[in-house]
Amino acid sequence: MDYVEIVEWGVVFEDKIPNKHDALVLIWNNIREADRIDYSTMNNSLTDLLILKTFKIHSRVSRAPKIIEIKWKRPNTWWIKVNMDEAANGSPGIAGCGGIFRTYRGFYKGCFAKPLGVLYAFEVELWGVITAVKYVIKFHWTHLWFECNAIYMVDLLQNKSTNVLWKFLTRWVRAMNYLQENTYYVSHVFR
């Protein structure tokens, strides 16, 4: 048995309290052992780099996320585009939704922001679309482009599905009926 194994044996099986030097030796040994298994990944912060360098661990910088350039696209002539975003801080969590309406020239037509209380994320997305359609009905807009970041919401709108929670069903069917009588387009935008 080498020195480290003797110290580990005493700490684990004989309830010995290691002195400061023995404790540091155990820590360093375990860190080096873990380093042999794989390089440590850092989250590209200076603090992570300093900690890894202090323990003489080879660092592996995490890969950069795939970057996708997102640009606002104009709707066709005489169309109104609504960009929506919904959020819930947790699931369920305190939630809200919002949207902005713009013309084919990019001019602001209106917006909404609505606190919703504590909801699940998919409930918040439903509220966002229902609220947007409520304003579309109010202002008699007949050509609408929805752009949202929830893929399942895009699917619901594109397929004209009524497969939603029962507590939203009446409002959702009313919104879908209005949209089916008019012209609308739905697209997904990355968050």
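Modeller: Helix α4 (residues 121-138) packs with helix α6 (residues 166-181) at an angle of about 45°, and their axes lie 10 Å apart. Axes are lines fitted to C-alpha atoms, for helices over the stretch in contact, and angles run from 0 to 180 degrees between N-to-C directions. Helices (H or I, at least four residues) and strands (E, at least two) are DSSP runs, numbered from the N terminus. The angle therefore makes α4 oblique to α6 (under 35 degrees counts as roughly parallel, over 145 as roughly antiparallel, 65 to 115 as roughly perpendicular and the rest as oblique).

This is a predicted model, in which local features need pLDDT of at least 70 and side-chain atom pairs count only at pLDDT 80 or more, while totals for chains, interfaces and linings use all residues. Residues are numbered from 1 along each chain as its sequence is written, and side-chain values use heavy atoms, with hydrogens and water left out.

In the contact (heavy atoms within 4.5 Å), E123, L126, W127, V129, I130, V133, V136 and I137 of α4 meet K167, F168, R171, W172, A175, Y178 and L179 of α6.

Turning to the sheet, 5 strands form an open, mixed arrangement in the order β5-β4-β3-β6-β7; two strands pair if DSSP finds at least two bridges between them. β5 (108-119) and β7 (183-188) are at the edges with a single partner strand each, so one side of each has no neighbour in the sheet. Strand β4 (residues 93-103) pairs with β5 in the antiparallel sense over 10 bridges, and I94 stands opposite V118 in β5.
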